[in-house]
Amino acid sequence: MGHTQCVSKSAESEACVAQSGSCRLDELRAEPPGTPAINQDLVPEKPESGIRVQEHRLEPNRVDSSEEAQRLQNAMTHLHESGWYWGSITAGEAKQLLNEALDGSFLVRDSSNPGYLLTLSVKTELGPTHLRIEYSNGHFGFDSVVMARPHLRQFKGAVDLVQYYTLAYRRQATRRELSTDHDTLPTATTENTLQLKLTKPLHKAAPSLQHLCRVVINQHSHDHRDLPLPERLKDFLREYPFVL
């Protein structure tokens with residue numbers, strides 16, 4: 001498979017080697033073999049306070065309004081709940097974690113550059129590499145070369161961003177499997193400026209059974225309002241509306 005290389009503008013010189021993929025969020029969702037049950041008595045209580053975002057990590061794009069600050073708080077809470085956010089580990093530590101992982105394995109960590117909020121570390125054919133995630137004007141997006149940036153999508157959260165590119169790769173890989181000519185890749189569009197191979201998140205700890213059930217339900221349900229579940233369980237599902 002071919003790959004596109006883009007170099008980050010930051011001083012830390014974290015190169016990003018991107019794998020082929022497409023960039024649409026309307027993803028394949030497997031037909032449900034059956035909806036897993038969650039015992040509502042086992043649903044963890046929602047924490048009284050959300051994850052606190054350190055102020056110095058918002059520079060130089062500091063949010064001004066309380067509404068934007070709340071959106072950032074929600075985005076960081078979702079990231080913590082994902083299980084594949086590793087906090088303040090270094091690029092070297094991320095590399096050690098990913099060295100023995102399969103290609104496409106990834107994790108999110110704090111960026112070591114104070115001008116950026118987060119970094120996506122991913123295992124590629126060339127080894128572990130890193131893409132910085134910037135937070136600007138209330139949105140998350142990958143840092144890239146200036147000419148490419150206008151074509152890169154922005155997202156309301158880091159989990160939204162990673163999920164988008166993960167599902168895009170899955171869709172593209174499925175298209176290739178169904179294609180008679182496996183050497184032919186889809187024609188790139190302006191939305192394919194950054195192409196990544198993201199396949200499996202590397203969890204910091206084993207996810208809880210409740211969280212795993214929630215993710216599986218999200219994968220098979222487009223609207224939680226239609227599920228025959230108590231409202232407390234629907235609230236639990238809505239607290240993490242992602243499929244990763």
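This is a predicted model: local features need pLDDT of at least 70, side-chain atom pairs count only at pLDDT 80 or more; totals for chains, interfaces and linings use all residues.
Reader: Which residue forms a salt bridge with Arg71?
Author: Side chains of opposite charge can pair when their charged atoms come close. For Arg71, the closest N and O atoms of the pair are 3.2 Å apart.

Reader: How far apart are the closest N and O atoms of Arg225 and Asp223?
Author: Arg225 is exposed, with a relative accessible area of 63%. Asp223 is partly exposed, at 23%. The two form a salt bridge, and their closest N and O atoms lie apart by 2.9 Å.

Reader: Where do Asp235 and Arg238 both lie?
Author: Asp235 and Arg238 form a salt bridge, with the closest N and O atoms 2.5 Å apart. Asp235 is partly exposed at 37%, and Arg238 is partly exposed at 39%. They are 3 residues apart, about one turn of the helix, and that helix is H5 (residues 231-238).

Reader: Which residues are linked with Asp235 and Arg238 in a network of salt bridges?
Author: Asp235 pairs with Arg238 in a salt bridge. The network also takes in two other residues, Glu231 and Lys234.

Reader: How many salt bridges does a search of the whole structure find?
Author: Arg225 with Asp223 is another. Across the whole structure, the search finds 5.

Terms used
Residues are numbered from 1 along each chain as its sequence is written. Side-chain values use heavy atoms; hydrogens and water are left out. A salt bridge is a side-chain nitrogen of Lys or Arg within 4 Å of a carboxyl oxygen of Asp or Glu. Buried means under 20% relative accessible area, exposed over 50%, partly exposed in between (1.4 Å probe, protein chains only). Helices (H or I, at least four residues) and strands (E, at least two) are DSSP runs, numbered from the N terminus.
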